[in-house]
Amino acid sequence: MALHSAHGGRGSLTAAMANGLDHVLDTLALWRHRVTTRRELSRLDERMMRDIGVSPLDVEVETAKHFWQE
């Protein structure tokens, strides 16, 4: 196995696993952020939307997206 080569050893495997876990946790945090911000966006009234420079259509399009979609 390449991760256990003479140059890498267990340290490389552990680092790769830690990097993979970091990536998963970052992705989960991003998805949670999207859910939260889209929920908050859906609760804005028209005055609030104007204040931040978005239209009701912008809000509709954004809040229709799934949490994994940018």
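Which pattern does the protein chain follow when read along the sequence? The pattern is α-α-α, with three helices and zero strands in the protein chain; helices (H or I, at least four residues) and strands (E, at least two) are DSSP runs, numbered from the N terminus. The model is a predicted one, in which local features need pLDDT of at least 70 and side-chain atom pairs count only at pLDDT 80 or more, while totals for chains, interfaces and linings use all residues. Residues are numbered from 1 along each chain as its sequence is written, and side-chain values use heavy atoms, with hydrogens and water left out.

Of the 70 residues in the protein chain, 7% are buried (under 20% relative accessible area, with exposed over 50% and partly exposed in between; 1.4 Å probe, protein chains only). The protein chain exposes about 5800 Å², and carbon and sulfur atoms supply 58% of this area (Shrake-Rupley method with a 1.4 Å probe). Among contacts (heavy atoms within 4.5 Å) between residues at least 6 apart in sequence, 47% join residues at least 24 apart.

The structure holds two aromatic pairs, for which the rings of Phe, Tyr and Trp (its six-membered ring) must have centres within 6.5 Å; planes under 30 degrees apart count as stacked, over 60 as edge-to-face and the rest as tilted. Tryptophan 31 and phenylalanine 67 form an edge-to-face pair, at 5.0 Å centre to centre and with 70° between the planes. Because tryptophan 31 lies in helix 1 (residues 9-42) and phenylalanine 67 in the segment after helix 3 (56-63), this pair ties together parts that are 36 residues apart in sequence. Phenylalanine 67 also forms an edge-to-face pair with tryptophan 68, at 5.0 Å centre to centre and with 85° between the planes.

The side chain of arginine 34 does reach the backbone oxygen of tryptophan 68, at 3.1 Å. Leaving aside neighbours within four places in sequence, arginine 34 is in contact with Phe67, Trp68, Gln69 and Glu70.

Key. A polar contact is a pair of N or O atoms within 3.5 Å; within protein, one must be able to donate a hydrogen and the other to accept it, and residues adjacent in sequence count only if both atoms are side-chain atoms.
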